[in-house]
Amino acid sequence: MQPMNKNIRIASYILIVVIFWMLSAIFVEEEIIPEKEPSLFKVAVQQSESQEYQPKIRLKSTTRSEARVEVKAKTSGEVVSIGARQGTNIKKDFVLCSLGVVELNRTEVKAPFDGYIENIVKPGNYLQKGQICATIIQLDPIIFIAEVPEFQINKVRENQKVKLDLITGQTIEGKLSFVSKSANNATRTFLVESEIPNENGLIRDGITSNMTIYIDKVIAHKIPSSILVLSDEGKLGVRYVNNDNIVQFSEVIIFEDSNDGLWVAGLPTSVNLIVEGQGFVEEGQAVLINTL
């Protein structure tokens with residue numbers, strides 16, 4: 001019976017250990033492992049300060065003579081002489097054509113204004129009453145005309161400075177002399193004009209040029225075009241971080257797209273723009289920042 005008693009004792013010891021372990025597990029507090037806080041996304045920011053900026057509107061323009069008139073005979077008769085050849089500048093009341101006719105008081109066809117003879121009949125031709133003796137154009141002043149898109153017309157007004165870069169290489173400065181109040185129904189654009197002195201007639205009629213209109217100055221930021229994003233509502237803007245390192249979104253208005261960046265309005269005076277990682281964060285999100 002001794003071996004049995006020994007086995008019973010061993011079993012009893014094991015049972016006591018198991019019971020003790022089970023009881024201890026009940027009374028020992030469970031160790032609580034704290035949850036790790038989620039790591040913050042890191043973005044690169046660049047500080048930007050607003051500054052005064054001169055916006056410009058660039059348009060294609062064309063010169064137009066102040067007036068173009070076909071000077072007609074008031075009676076019939078043979079052209080016995082002309083006062084000047086084609087391509088000549090003349091003064092008002094200059095005799096363009098002399099006719100050999102009975103009505104002596106109507107033998108002379110005169111220029112109605114100072115101008116340039118674009119075309120004139122040759123002596124020996126016979127003119128019927130109402131036929132053209134000469135075509136003259138008034139080149140001083142010369143008018144530069146352009147068309148402003150309707151979304152920009154509220155920025156344009158008379159007397160704003162303009163720069164005109166002609167295809168001939170000439171560069172001229174002037175001011176807007178006229179801004180239309182009525183849109184072209186077909187193009188939805190508004191006619192603008194700049195009247196430029198042209199006493200020597202060097203600026204020709206119908207020459208194309210680039211017109212730059214200097215509109216009113218604004219306060220703006222110059223930003224890289226690469227940082228532009230679209231909000232959930234489809235608005236174009238940029239993301240930046242506030243003083244608490246929280247992501248904010250601001251819609252912007254683009255004034256000019258230059259070779260080295262965009263000039264925009266709509267941002268705070270001083271702002272930390274997100275220049276790297278802006279596509280991976282959302283408005284209201286806390287972030288870590290790396291200042292460039």
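Residues are numbered from 1 along each chain as its sequence is written, and side-chain values use heavy atoms, with hydrogens and water left out. In this predicted model, local features need pLDDT of at least 70 and side-chain atom pairs count only at pLDDT 80 or more, while totals for chains, interfaces and linings use all residues.

**Exercise 1.** Determine which strands pair with strand S3 and in which sense.

*Solution.* Begin with the terms: strands are DSSP runs (E, at least two residues), numbered from the N terminus, and two strands pair if DSSP finds at least two bridges between them. Next, take strand S3 (residues 56-72) and strand S15 (residues 208-214), which run antiparallel and are joined by seven bridges; here Leu 59 has Met 211 of S15 as its bridge partner. Then turn to strand S10 (residues 132-149), which pairs with S3 in the antiparallel sense over 11 bridges, with Arg 64 standing opposite Ile 143 in S10.

**Exercise 2.** Decide whether His 221 is buried or exposed, and find what its side chain reaches.

*Solution.* First locate His 221, which lies in strand S16 (residues 218-223). The scale to apply calls a residue buried under 20% relative accessible area, exposed over 50% and partly exposed in between (1.4 Å probe, protein chains only). His 221 counts as buried because its relative accessibility is 1%. Finally, look at the surroundings: the side chain of His 221 reaches the backbone oxygen of Pro 268 at 2.7 Å, and, leaving aside residues up to four places away in sequence, His 221 touches several residues, among them Ser 48, Glu 49, Trp 263 and Thr 269, where contact means heavy atoms within 4.5 Å.

**Exercise 3.** Describe the setting of Ile 132.

*Solution.* With a relative accessible area of 31%, Ile 132 is partly exposed. Then consider its neighbours: not counting residues up to four places away in sequence, Ile 132 touches Glu 70, Val 71, Lys 72, Val 121 and Leu 127.

**Exercise 4.** Work out the order of the open sheet of four strands and name its edge strands.

*Solution.* The order is S7-S6-S4-S9, with antiparallel pairing. The edge strands are S7 (108-110) and S9 (126-127), each of which pairs on one side only. For S7, the pairing with strand S6 (residues 95-100) runs over three bridges in the antiparallel sense, and Cys 97 has Val 109 in S7 as its bridge partner.

Technical notes. Polar contact = N/O pair within 3.5 Å; in protein donor to acceptor, adjacent residues only side chain to side chain.
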